[in-house]
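Hi there,

Here is the structure I promised to pass on to you.

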Amino acid sequence: MDSYPSGNKDIIRSLSLRKHPEGGYYAETSGRQQATVQPPPLIDENERRSLASSIYYLLSHDNSSGVLHMNKSSITYHALHQGRAEYTLITPGADGSPPKVEKKVMGTNTAEGEVRMLYVGAGVWKMSRLLPEDMALGTTPDRKDKVGCLITEVVVPGFRWEDHQFMTQKKLEVLFESVEGMEGMIRQFSPHVRKDE
């Protein structure tokens with residue numbers, strides 16, 4: 001926890017973070033007034049978008065995971081500020097091949113394979129969560145305040161809610177349909193789908 005210099009309460013207050021619909025906390029840092037670009041072909045061609053947008057994104061002990069979601073036409077770059085989080089990336093299969101599931105840990109221990117930056121392409125389902133061993137360190141209120149992960153997320157072209165979708169139970173079942181071990185995959189990811197859709 002020495003690599004977590006600022007507590008979550010201070011981060012939320014100093015960065016004016018608010019609860020994110022995906023889970024965790026966030027604050028927009030740029031993107032609304034920048035130059036614009038014609039959007040990729042997957043979305044409305046008549047609507048221009050900012051070149052990029054960015055947010056701070058925080059997972060904390062009390063809000064420790066996000067739900068599966070996708071940016072349909074934007075790519076996302078994640079850069080670590082402090083803490084650790086595990087990212088699950090699910091790339092849908094093409095031409096009848098099964099989806100590819102990857103797990104990456106954003107953190108500072110590169111000797112253990114942790115990464116400080118993470119690239120997520122368009123059309124990839126993703127979610128983040130704090131690692132169980134880090135959550136277990138939160139045994140007191142002061143220690144809970146030092147368990148989390150703060151990143152900057154940059155979306156290119158700029159983020160639009162119309163270009164975003166949440167995973168639902170039905171989409172999850174379709175994604176893993178006819179995949180060997182389908183029941184186990186659905187059981188693993190069901191807790192991380194959006195419940196209100």
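Before we get to the sheet, a word on terms: two strands count as paired if DSSP finds at least two bridges between them. Strands (E, at least two residues) and helices (H or I, at least four) are DSSP runs, numbered from the N terminus. Please keep in mind that this is a predicted model, in which local features need pLDDT of at least 70 and side-chain atom pairs count only at pLDDT 80 or more, while totals for chains, interfaces and linings use all residues. Residues are numbered from 1 along each chain as its sequence is written, and side-chain values use heavy atoms, with hydrogens and water left out.

Now the sheet. It is open and has 6 strands in the order β1-β2-β5-β12-β7-β10, with antiparallel pairing. β1 (18-19) and β10 (117-120) are at the edges with a single partner strand each, so one side of each has no neighbour in the sheet. Further in, β2 (residues 25-30) and β5 (residues 53-60) run antiparallel and are joined by 5 bridges. There, S30 stands opposite S54 in β5.

Next, the aromatic rings. Rings of Phe, Tyr and Trp (its six-membered ring) pair if their centres lie within 6.5 Å; planes under 30 degrees apart count as stacked, over 60 as edge-to-face and the rest as tilted. That rule gives 3 aromatic pairs. One of them is F159 with W161: the centres are 5.0 Å apart and the planes stand at 85°, so this pair is edge-to-face. F159 is buried at 19% relative accessibility, where buried means under 20% relative accessible area, exposed over 50% and partly exposed in between (1.4 Å probe, protein chains only). W161 is partly exposed, at 39%.

F176 and F189 also form a pair, this one stacked, with 5.9 Å centre to centre and 10° between the planes. F176 is in the loop between α4 and α5 (182-189) and F189 is in helix α5, so the pair ties together parts 13 residues apart in sequence. F176 is buried, with a relative accessible area of 1%, and F189 counts as buried at 1% as well.

Is T168 buried or exposed? At 11% relative accessibility, T168 is buried.

Enjoy exploring!

Best wishes
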